[in-house]
Amino acid sequence: MQTATANQLYNALSRLSRHIHRMEHWMAGDVSEGQKLHSGQIRLLSLISQNDGASQKDLAEEMDVRPSSMTEMLLRMEQTGLITRKQDENDQRVMRIFLTETGKKAAVQSSVTTHDLTTTMFNCLLPEEQTQMLAFVEKISASIETLVGSDAHDTHHHGHHGQQGHHHLSFHSKNRDPHSHF
């Protein structure tokens, strides 16, 4: 791919990511007694509803977040009455996560919101275009995972929301424009 086209694609995907983030906030409704959850919490709520009693470690891995970030998310959700954390009966080091009744209701409501969001977001594409886009995005994601290596899981969130600064990757490629930032 030509560098200019690759840069345009990168910029378009970055813009799309920002639009998706804004749309999530725009469509995020009250999920429980006037409370709003951010998109990560909504995704986590859905994941717990599908795996009630999952370990905190497994949830962090599935969400691809650091264990400390998962602890913070779960603490906020516990404080709002959506989940309860219990130590595993067989291994006291393992924390199991369960939805409360309030959490179950919020999971159903957030599922409806997520369905509305995705339907609205992708209704401009025909079903076969959605399938093609999914294949392209998965291919790009797999390529990035290969490029950043196995410790991407541990380091990718360090720069988000003011924490510890971003990690910059350095790629060496004979096709790469040396003046490009990407």
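Predicted model: local features only at pLDDT ≥ 70, side-chain atom pairs only at ≥ 80, totals over all residues.
1. Setting aside neighbours within four places in sequence, Leu 99 is in contact with Leu 45, Ile 48, Ser 49, Asp 52, Leu 82, Ile 83, Lys 104 and Ala 107, where contact means heavy atoms within 4.5 Å. Leu 99 belongs to strand β5. Its relative accessible area is 9%, and Leu 99 is therefore buried; buried means under 20% relative accessible area, exposed over 50%, and partly exposed in between, with a 1.4 Å probe and protein chains only. Leu 99 and Ser 49 stand 50 residues apart in sequence, yet their C-alpha atoms are 6.8 Å apart in space.

2. Residues are numbered from 1 along each chain as its sequence is written, and side-chain values use heavy atoms, with hydrogens and water left out.

3. The chain contains 7 helices and 5 strands. Helices (H or I, at least four residues) and strands (E, at least two) are DSSP runs, numbered from the N terminus. Read from the N terminus, the order of elements is α-β-β-α-β-α-α-β-β-α-α-α. Buried residues account for 24% of the 182 residues in the chain. Of the contacts between residues at least 6 apart in sequence, 53% join residues at least 24 apart.

4. Strand β5 also takes part in an open sheet of 3 strands, ordered β3-β5-β4 with antiparallel pairing. β3 (54-55) and β4 (83-87) are at the edges with a single partner strand each, so one side of each has no neighbour in the sheet. Two strands pair if DSSP finds at least two bridges between them. β3 and β5 (residues 95-99) are joined by 2 bridges, and β4 and β5 by 5 bridges.

5. Helix α2 (residues 39-50) lies across β4 and β5 and runs at about 95° to β5. Axes are lines fitted to C-alpha atoms, for helices over the stretch in contact, and angles run from 0 to 180 degrees between N-to-C directions.

6. The largest nonpolar core has 21 residues, of which Leu 44, Leu 45, Ile 48, Leu 59, Met 70 and Ile 83 touch the most other members. Such a core is a set of buried Ala, Val, Leu, Ile, Met, Phe, Trp, Tyr and Cys residues joined through side-chain atoms within 4.5 Å. At least two residues of this core come from each of α2, α3 (56-63), α4 (67-79), β5 and α5 (101-122), and α2 gives the most, with 5 residues. Leaving aside neighbours within four places in sequence, the contacts of Ile 83 include Ile 48, Leu 74, Met 77 and Phe 98.

7. The charged end of Lys 86 sits over the ring of Phe 98, 5.2 Å from its centre. This arrangement requires NZ of Lys or CZ of Arg within 6 Å of the ring centre and within 35 degrees of the ring normal.

8. Asp 64 deserves a separate remark. Most residues other than glycine have a negative phi. Asp 64 has a positive phi of about 60° although it is not a glycine. Asp 64 lies in the loop between α3 and α4 and, at 34% relative accessibility, counts as partly exposed.
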